[in-house]
Amino acid sequence: MEKEKRNNLIMTFIAIALVYLVVFILELTLRPTSIVFTVLRKGAIYSLVAVSMNLLNGFTGLFSLGQAGFMLLGAYTYAILTIPTEVKQSDRVYRYYDAVINFDTGVFVALIAAGLVAAFFAFLIGLPVLRLKSDYLAIATLGFAEIIRAIFQWDVLGPLTNGANLLREFKDLSRITLPFSDIPFPPTLFVFIVAGVCILLVVLLINSSYGRAFKAIRDDEVAAEAMGINLFKHKEMSFVISSFFAGISGALLAMFQYTVQAQQFRTMLTYEILLIVVIGGIGSISGSCIASFLYIALSEWWLRGLDMGTFLGINAPELFRSGFRRLVFSVIIMIIVLFFSKGIMGDKEISFERMKHLFRKKRKAKGADA
Amino acid sequence: MFEIKNLFVNYGGIEAVRDISFSVEEGKIVTLIGANGAGKSTTLRTIAGLVKAKSGTIEFMGEKITGKDPASIVGKGITLVPEGRKIFPDLTVLENLKIGAYLRSDDISKDLEWVYSLFPRLKERSWQYGGTLSGGEQQMLAVGRALMSRPKMIMMDEPSLGLAPLIVRDIFSIIKEINKEGVTILLVEQNANMALQVADMAYVMETGRITLSGKGSELIDNEDIKKAYLGK
């Protein structure tokens, strides 16, 4: 039993290492502008934010819709910290304002800071908001995300946020290098490493005794409280940690997009992520990751033809024109919600143990037929 | 060991508990019986810290615990088995038990063995989700979970609720067994017959007040009790 468990763990690590190796080889061989990289990068970023939302919605039972707001905080923190000082002092970025933050930091420091700023705001907002339940919590967090977006476009904060204008020339994915050198770092691999480490931390948290307490709160608040779990403290903890990782994913999204503007972090973004969490399965980390890559691959790549006139070799420019993709996409989502009401994975995780189980079952079924 | 003096509690807009006083001696089984809405559950919830008292004091081991939060009351050694079992359906049996020991930082393996020896059924099903257990097994899990906090006093809110008579008898024999191992028990029941049979001391509650008290064996022969609760 113990040995089998250890073997499964080793197999899982090998499988993950293989994924990273494949990403690395792809970056060495494919054109850097290939659509594959867009899908992989955005998929990994969305995986991270979907997992952070799942920690809150799926594992702690807090229905929060503030993800876009925390991503915005992370994105701005990262961008502001990594725009080089000489660019800040010139008028290339801050054309109408004098930048107040007149220093710049490295990528690593800025990423951590992005998480911390998001987590700090989550801590403050959590104090009043986490006393609310279900729908009311969702409305309050949604409101917060909208307010943050408006505030960041406010003129008065211009010297910090550049008002409603773009932030650019920060250390985006094309500008990251190996530490202490000028050799460029493979960008997709970088996104995978950051997202992977963060997701691993969430997995470790969920399997710790804190994670068990989160799940107990989700299942039954009264019973959890009667067992001596401090409800508010644990909810706040889950909220802050979830927002920390949302902040980091916001920073990654900024790096991926090369520019940052508050307009990009609309409520639509939160809904997209909620959709991914629901499709992947509320309470399943691997489900969230699979759903992210599927969602991004479908919307950015596989269904592209539906907007461009030719799809699966069928040329029908009359039907396959701008907007048709969205329509087909909605139908697919409806089918998934109707027939997989618990999402792709339900609340289970992918593991070698389960796969072995599946194979054994199939083999047995075949044996019975013969 | 445990004493309540002049406790008043408002719950859900009504005065659910009005001026009750009673005590629990160490190592005994004490029961509160009474009809629906008599204030029994509210009393237990107040002791557990889930509901705030309006006035009055609750003392445990010579220390005042009125107004303390649930976590510190569990830490002091009082654990509640909530009404309707309230196990965690999407956690495994083992995880449910571990949550019971959440506030403890010492080794729990011995207590886990103890709970499994009291309820062998739970050991067989340790990897099953709580929600897939039968009603009786869930009640056992709820009791086992509470024992994992290694309580000095365990409070049970209607452990016989919704269970078949045979299983109710099992549960009560387990209550006696736990008591023999030195855990004091405060039991709230509507099944007055069973409760009075096991109890050393019993209190009868009516509309928020204690109207009668005595030894379990005495009250079982009391004519008023027979008429009101035993259906004779």
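The lining of the largest cavity in this predicted model comprises six nonpolar, four polar and two charged residues. The volume of this cavity is about 60 Å³. Chain B supplies the lining: B:Thr46, B:Ile47, B:Gly49, B:Val51, B:Lys52, B:Ala53, B:Ile58, B:Ile65, B:Thr66, B:Gly67, B:Lys68 and B:Ile73. In total, three cavities reach 30 Å³ or more.

Strand pairing was examined in chain B. Strand β4 of chain B spans residues 55-60. Strand β1 of chain B, residues 2-11, runs antiparallel to β4(B), and five bridges join the two. Within this pairing, B:Glu3 is bridged to B:Glu59. β4(B) also pairs with strand β5 of chain B, residues 63-64. That pairing is antiparallel too and rests on two bridges. Here B:Phe60 has B:Glu63 as its bridge partner. β4(B) and β5(B) make up a hairpin, with two residues between the strands. In the turn, B:Met61 adopts a positive phi of about 50 degrees.

The interface between the chains was then characterised. Contacts involve 19 residues of chain A and 21 residues of chain B. Chain A and chain B bury about 1900 Å² between them. Carbon and sulfur atoms give 66% of that area. On the side of chain A, A:Arg212, A:Asp219 and A:Met227 supply 35% of the area buried against chain B, more than any other three residues of the chain. One salt bridge is found across the interface. A:Lys215 and B:Glu95 form a salt bridge, with their closest N and O atoms 3.6 Å apart.

Terms used:
Residues numbered from 1 in each chain as written. Chains lettered and ligands numbered in written order. Predicted model: local features only at pLDDT ≥ 70, side-chain atom pairs only at ≥ 80, totals over all residues. Heavy atoms only, no water. Pairing = 2+ DSSP bridges. Helix = DSSP H or I, 4+ residues; strand = E, 2+ residues; numbered from the N terminus. 1 Å grid on protein atoms, 1.4 Å probe; cavity = no way out; pocket = protein on both sides within 12 Å on 5 of 7 lines; lining within 4 Å. Points joined across faces, edges and corners; volume = space filled by probe spheres on them. Nonpolar A, V, L, I, M, F, W, Y, C, P; charged D, E, K, R; others polar. Contact = heavy atoms within 4.5 Å. Buried area = accessible area lost by both parts, 1.4 Å probe. Salt bridge = Lys/Arg side-chain N within 4 Å of Asp/Glu carboxyl O.
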